[in-house]
Structure formats: structure tokens, C-alpha cells
Amino acid sequence: MAKLTIHENDKVSHIEPEIYGHFSEHLGRCIYGGLYVGEDSEIPNVNGMRTDVVEALKELKVPVLRWPGGCFADEYHWRDGIGPKESRKRMINTNWGGVVESNAFGTHEYMELCRQLGCKTYINGNVGSGTVREMSEWVEYMTFAGQSPLTMERKANGSAKPWRVDYFGVGNENWGCGGNMRPEFYGNLYRQFQTYVKNYNPRRKIKKICCGANVDDYEWTKTVLETTFTRSEPEQHGFMDGLSLHYYVHPYGWKHKGSATQFTVDGWYATLAKALYMDELITKHGKIMDKYDPKKRVGLIVDEWGGWYDVEPDTNPGFLYQQNTMRDALIAGITLNIFNKHSDRVKMACLAQMVNVLQSVVLTEGDRMLLTPTYHVMHMYRYHQDANLVSSELSDVKAAGTGDGAVPMLTESVSVDADGVITITVANLSADEAAPVAVTLDGEGYQVAEAKIVCGADIHSHNTFDDPHQVAEQDFLDYSTEGGGLHFVQPAASVVALRLKK
């Protein structure tokens, strides 16, 4: 039997709500048809945002939404997306499918979506094909409350009051689609561009995000920080509040991603092993950051993560539309446990992507909508938001899988909220074996207030528009508190959340 020991009074770090953030790019049907259908659509909407999707996302307590990209961000020119929709400039989305981008969803629409969701804003600026002036004027247009030609233009376009920009990304993947830059070059560009991301409201500081590494490119991290941090300006902290990291789980590598729904047991374990790799990436990038930022004032921002497979048959390969199975539920459970455990350094993360793209939480088809297994895991984990990570450890954990595909059967994280309620989340990585677990806490008198589970009939289980409830969040009953302890048996290929209070 595995043992989970919890030291609920040993608070390790604060779990920022933004760790449970999301990402929406002008890619495939994420924005158009997914989040936004337009005011004249027959699909129920509020100011163009489809009501069913917004209401589902509000249940997740979405803390922050990143937009407009992604690779799209470094070819996006914000002026194309303001003013009357009929006169907005059209463009070709060269990154994703070569389709025409209408720019019907622009700055005003994004801010309206965030208002409806009640979430913070995270805008990615254009460094790759943009200019300092363009970025500077966008910030002024959005956030300046005084009188200027840009604020008058914003008011004429329907927004009398400025918006709050919580986070601003200075470029995206500038080592690749954002310009194929070398780290020294980007580091110097970052210093220049971020200078003009002005704080027009001193009480609402815009947090600036620097483009970090792709996966294990530790040299990028080291060189960018060498360029942005200087001994003569230590108080500037590299002119940044966050450094990004992108990592996607590809079961068989970038060129041979495999099907989202048809995979072997070995493929299951290969995928979960790659999800566990996130822990090593955060640890190693974090150690480099510690050299320049030992007080951890700069957050590691994992603003693109998730599973990435081959697109569904007969869909546009540039739209990245894929199904979502129990394998993705486990990726989510594993990854969110890792983020919680590293919440001293990880301050934001954005699942890629929100709707209809990659490991999304919602799929839509016309006026129909379904919730994915990943949605249900994130819904269970929402209680970790704004709680404190507490010290916990697993022991006597068996291995699942064999050979190079062997993984620990269980991963976990534990937090306590302001009311003293403990949230335990555990992922069982085994494809076919249940895991008995004994829980020990330092204190006494705790009772199970809520117990939930996400599981399916097997590892391939997923929801379809004809059968949207194959995988759902359900009450978890297989636990016991006899003798003052807590014991539970977690089914194979499942994610469990337990809430304890005195």
C-alpha cells in the first residue's frame, strides 16, 4: 500500500491562481466558432461570445487568458482588429491553415470576453514583425485614462474607460516562429521593447513577460538572462516579471505524434513519462534563474503546455483539432501537480488551448458543445487556486509500465486554503491497476468534505457529441475513515480530488 504523508502546517509556497490559466490563439476554431460567434449568430451569445462556452469556463474559475498567440501574435497588428468590423483589414493566417483572418475578434472583443469570464488579461505583443512604436501605442490605447489621440480613438470605438492589462508578453517563441532570433539578439530587443510598455496607471502595474526557452534549451535561458540582467542594474530584475517556457507532450516525437484516440498501452506510458519530464524542465530552468534571481522575484511562466497529437481525420491539418481522452486527463493531473509542487517559481501556466485546439477543455460543433476529460480534471483542481502548498510525500509507490516506459504509479500535490480546508489531488498513472493509499496527517479530526474522481471505462475513453458523458467528474466513494485514518483505493487511469476539513 502506498503511503501519503501530509504536513498540513508546513506551508511551502503560495499557489498563484494564474497557474490554472488558459491560452486562446487565432488558430483553427479556437476563437471563431469556439469562443466567438458574433452578435448576429443564431447560437446564443452575449456580445458575440457564445453563452454555453462562457458559462462552462466560468465554472473553472479561469484566472487568466492569454491572447492573441502563439505564433499568430508575432504577425498580428492590433490596429487591424479595432473599429467597425465591416472595415477591418483582412489578412492571411500564414501560420495556421492559410485561412483568411477577418479580425472580427480584436482588442475590444478580447476585453469583453475577459470581462464575461471575470479573468485577468495577458496580451502577447508583436516583436517578430512589429515595431516598438506599434507595441507602445497598443499599450497606450488600452490603458491610458487621459487625453490623447489614441484614447479618443478608443472612446470612439466604444470603450470610454481604459482596460486593465495585467500581463504583457514581449514577443512569442522568438527563437522560432517569432523571428528565428539568437538569444543575445532577442535579449537586447526585449530590453528595448519592454521600455515602452508603459505603466500609465502606477497602481496597476503591467507585469512584463520575457520570451523564454523551447523545452530544454537551457542555453537560451542562460544567455537571455545574461543579456537582460546586469550588475549595474540589479534592481531591475532583468526588466521582467516573468520568463516563459513552452513544452508540449508528443508521444512519439515532433514528427510522429500519433493519434489522439488510438494508442497502445506502451503509448500510454510513453506519453505520461513525457508529461513527468515537466518536473525536470522546471527544476533545471529554475536553477539557472536562481543564479540571476535568487529571491524568485521573476516567475517561470509556462504559458504553453499540453498534449499534441495528429489532427483528427478529415480536418484541416493547420487547425490542430484533436480529441481528448483519459490520457489527456492524466497529462493534466500530472502537470498540475508538478506546477503546484514548484509554485515557489512557477507563477503562471496556460493550457494550450482553451477550445477546439490541442488539449482543449471544450469542444464545439455548430451549436453543440462538450466538456473534455481535461476540463473535468481542471474543475476538480480549481480549489488549489490561491491556496498554500503544504509539504507532502508519497512512499512505497509501485512502478507502472515496464522498461523505458516505467513511471511511478502515483503523483500528488496537497494544499490548504484560507479556511483551513485541505485539497489532495492524486493521479494514478497505471493503465490497469488500482492503487490502495493510506493518508497520514499531522493533525487529527479531519473529515472528508468532498471526494471526486475523473475516470473512464478504459484508457481510451473520451466524450463525443453523440455521447458527451463517457468521462465526467463523479463522486468518489471508495474511501474509509475508520480508526481515525484515511484510506482509499484509486482506480487505474484516474484522477482523484479529496477535500478535508475539521
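**Entry 1: terms and model**

I count Ala, Val, Leu, Ile, Met, Phe, Trp, Tyr, Cys and Pro as nonpolar, Asp, Glu, Lys and Arg as charged, and the others, Gly among them, as polar. The model I am reading is predicted.

**Entry 2: the second largest cavity**

I listed its lining: Tyr-76, Trp-78, Asn-126, Thr-131, Glu-134, Met-135 and Trp-138. I sorted these residues into 4 nonpolar, 2 polar and 1 charged.

**Entry 3: the largest cavity**

How many cavities of 30 Å³ or more are there? I found 3. The largest cavity has about 50 Å³ of space. Its lining has 13 residues, and Tyr-122, Gly-171, Cys-211, Ser-244 and Asp-303 lie nearest the centre. Strand β10 gives the most, with 3 residues. By class, I noted 4 nonpolar, 6 polar and 3 charged residues around the largest cavity.

**Entry 4: the largest pocket**

I moved on to the open spaces. The largest pocket has a volume of about 360 Å³. I noted 21 lining residues; nearest the centre are Glu-173, Asn-214, Tyr-248, Trp-254 and Trp-308. Which strand gives the largest share of this lining? It is β11 (residues 242-249), with 3 residues. The classes come to 12 nonpolar, 6 polar and 3 charged.

**Entry 5: the second largest pocket**

The second largest pocket takes in about 290 Å³. I counted 18 residues in its lining, with Glu-18, Tyr-167, Lys-207, Asp-241 and Lys-347 nearest the centre. Two elements came up as giving two or more residues: β10 (207-214) and β12 (299-307). What classes line this pocket? I noted 12 charged, 4 nonpolar and 2 polar residues.

**Entry 6: the loop between β9 and α5**

Trp-175 sits in the loop between β9 (167-170) and α5. Leaving out residues up to four places away in sequence, I listed what Trp-175 touches: Asn-180, Met-181, Cys-211, Gly-212, Ala-213, Asn-214, Trp-220 and His-246. Two of these names were already in my notes. Cys-211 is among the residues nearest the centre of the largest cavity, and Asn-214 is among those nearest the centre of the largest pocket.

I also checked Trp-175 against Gly-128. They are 47 residues apart in sequence, and their C-alpha atoms are 10.0 Å apart in space.

Asn-180, a contact of Trp-175, is in the loop between β9 and α5 too. Is its phi positive or negative? It is positive, at about 50°, and Asn-180 is not a glycine.

**Entry 7: α5 against α6**

Helix α5 (residues 183-195) and helix α6 (residues 218-228) have axes that come within 8 Å and cross at roughly 40°. The two are therefore oblique to each other. The crossing of α5 with α6 is right-handed. From α5, I noted Pro-183, Glu-184, Tyr-186, Gly-187, Asn-188, Tyr-190 and Arg-191 in the contact; from α6, Trp-220, Thr-223, Val-224, Thr-227 and Thr-228. By class this contact has 5 nonpolar, 5 polar and 2 charged residues. Trp-220 was also on my list of Trp-175 contacts.

**Entry 8: α8 against α9**

Helix α8 (residues 326-341) and helix α9 (residues 373-381) pack at about 30°, their axes 7 Å apart. Why did I write "roughly parallel" for α8 and α9? Angles under 35 degrees count as roughly parallel, so α8 and α9 get that label. Met-326, Asp-328, Ala-329, Ala-332, Gly-333, Leu-336 and Asn-337 of α8 meet Pro-373, Thr-374, Val-377, Met-378 and Tyr-381 of α9. The contact has 8 nonpolar, 3 polar and 1 charged residues.

**Entry 9: cis peptide bonds**

Most peptide bonds are trans. I noted where a bond is cis instead. The bond from Trp-67 to Pro-68 is cis, with omega near 5°. Pro-68 lies in the loop between β5 (64-67) and β6 (91-92). Ala-352 and Gln-353 are also joined by a cis bond, with omega about -10°. I placed Gln-353 in the loop between β13 (346-352) and β14 (362-365).

Methods. Residues numbered from 1 in each chain as written. Predicted model: local features only at pLDDT ≥ 70, side-chain atom pairs only at ≥ 80, totals over all residues. Heavy atoms only, no water. Axes fitted to C-alpha atoms, helices over the stretch in contact; angles between N-to-C directions. Helix = DSSP H or I, 4+ residues; strand = E, 2+ residues; numbered from the N terminus. Parallel < 35°, antiparallel > 145°, perpendicular 65-115°, else oblique. Left-handed = near helix turned anticlockwise from the far one by under 90°. Contact = heavy atoms within 4.5 Å. 1 Å grid on protein atoms, 1.4 Å probe; cavity = no way out; pocket = protein on both sides within 12 Å on 5 of 7 lines; lining within 4 Å. Points joined across faces, edges and corners; volume = space filled by probe spheres on them.
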